[in-house]
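Hi,

Could you have a look when you get a moment?

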Amino acid sequence: MYINATGFYIPSIRIDNAHFLPLNGLTDEWIVRRTGIHTRSHVAEGEDHNSMGLDAIRNAIPSLPYDIKDVDLIVSAAYSACDTVATLAHVAQREFDIDGAKAVYLSSACSSFINGLELVEAYFASGKSSKALLVCSECNSYYANETDKTCGHLWGDAAVAFFLSKDPCGDHEPVISSIYTCGLGNVSKGPEGVKLRPKEGGIMMPFGKDVFLNACNYMINALDKAGAAVGGIKAGELDHIICHQANLRIVANVAHQLDLPMEKFENNIDELGNTGSAGVALVFSQRRDTFAPGEKIGLTVFGGGYSCGAAIIEMK
């Protein structure tokens with residue numbers, strides 16, 4: 001599966017840590033020490049889940065080697081949709097007049113983007129699609145409760161779009177050589193670990209320690225499984241690793257367990273906060289031009305529910 005074009009949208013507003021002291025009593029020093037976050041991105045008035053997703057698509061179009069109307073599958077993968085009926089997939093289809101395309105919405109918490117890749121891969125394998133748009137937009141601020149000491153200070157807003165094809169459509173297109181996903185609803189706190197209930201407190205993380213421990217464990221496991229599918233690539237053989245941008249301490253713990261330097265890990269959480277399932281794809285899109293031909297990039301995620309996933313991308 002080939003990456004034909006990528007685009008992203010990051011709101012210009014940044015909320016610094018001082019914002020939270022009068023809301024939940026957390027100091028800048030505490031937040032930085034516990035999460036690595038200094039600021040987080042935040043939508044402006046008039047921006048939302050849909051508008052960010054459309055802007056990410058627009059950002060990708062100039063480098064797309066075919067007409068967007070050639071897309072035959074649109075997948076919106078996220079958990080913070082502002083409308084779960086008229087989804088971003090359908091909004092994008094209408095905005096860009098992509099006639100006849102399948103339009104699908106899926107959610108697997110912060111694993112949603114990787115699950116979206118796997119869904120596209122399955123459509124390609126079935127012969128029911130050959131060119132796909134995968135858009136992942138997380139408007140966490142729409143649901144976040146900033147007074148919540150456990151997670152109200154974590155969330156950032158952003159969107160990313162990937163155009164994908166079964167066959168190559170241009171020169172030097174990165175190849176997604178392996179995708180692995182797994183549901184973990186029967187593991188530890190599972191569905192109780194992270195919740196999003198709009199009328200019952202918004203995004204909540206009542207079992208933060210449980211999330212932390214399982215995220216560290218299962219992101220490594222997912223990366224191992226994805227690597228095993230392509231000749232047994234080990235984490236240390238990857239040129240760059242992008243972990244779910246949930247908490248810099250989680251990334252540091254993964255690096256420690258793998259006995260790898262932090263320099264191998266690409267991050268944006270310090271500026272943008274936890275951008276949910278968009279995080280790993282966003283980092284890849286931001287850094288894509290810095291990756292050299294032949295390099296292998298590992299993306300690995302952990303989501304509420306619980307869930308995990310990973311993908312290996314080979315630069316060309």
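Below is what turned up, going from the overall fold to the cores.

First, please keep in mind that this is a predicted model.

**Overall fold**

The chain holds nine helices and 13 strands. A compact globule of 316 residues would have a radius of gyration near 20 Å, and the 18 Å found for the chain agrees with that. Along the principal axes, the C-alpha atoms fill a box of roughly 50 × 45 × 35 Å. Of the contacts with a separation of 6 or more, 77% join residues 24 or more positions apart.

Buried residues account for 57% of the chain.

**The cores**

The largest nonpolar core has 45 residues, and the members that touch the most others are Ile-241, Ile-250, Phe-265 and Phe-302. Helices H6 (208-228) and H7 (248-258) each give two or more residues to this core, as do strands S11 (240-243) and S13 (307-314). H6 gives the most, with ten residues.

Beyond its neighbours within four places in sequence, Phe-265 contacts Ile-241, Cys-243, Val-251, Val-254, Ala-255, Leu-258 and Leu-260.

There is also a second, separate core of 33 residues, with Met-1, Leu-106, Val-160 and Val-280 among them.

Best wishes

How values were computed. Residues numbered from 1 in each chain as written. Predicted model: local features only at pLDDT ≥ 70, side-chain atom pairs only at ≥ 80, totals over all residues. Heavy atoms only, no water. Helix = DSSP H or I, 4+ residues; strand = E, 2+ residues; numbered from the N terminus. Rg over C-alpha atoms; globule rule 2.2 N^0.38 Å. Buried < 20%, exposed > 50% of the residue type's maximum accessible area, 1.4 Å probe, protein only. Contact = heavy atoms within 4.5 Å. Core = buried A, V, L, I, M, F, W, Y, C linked by side-chain atoms within 4.5 Å.
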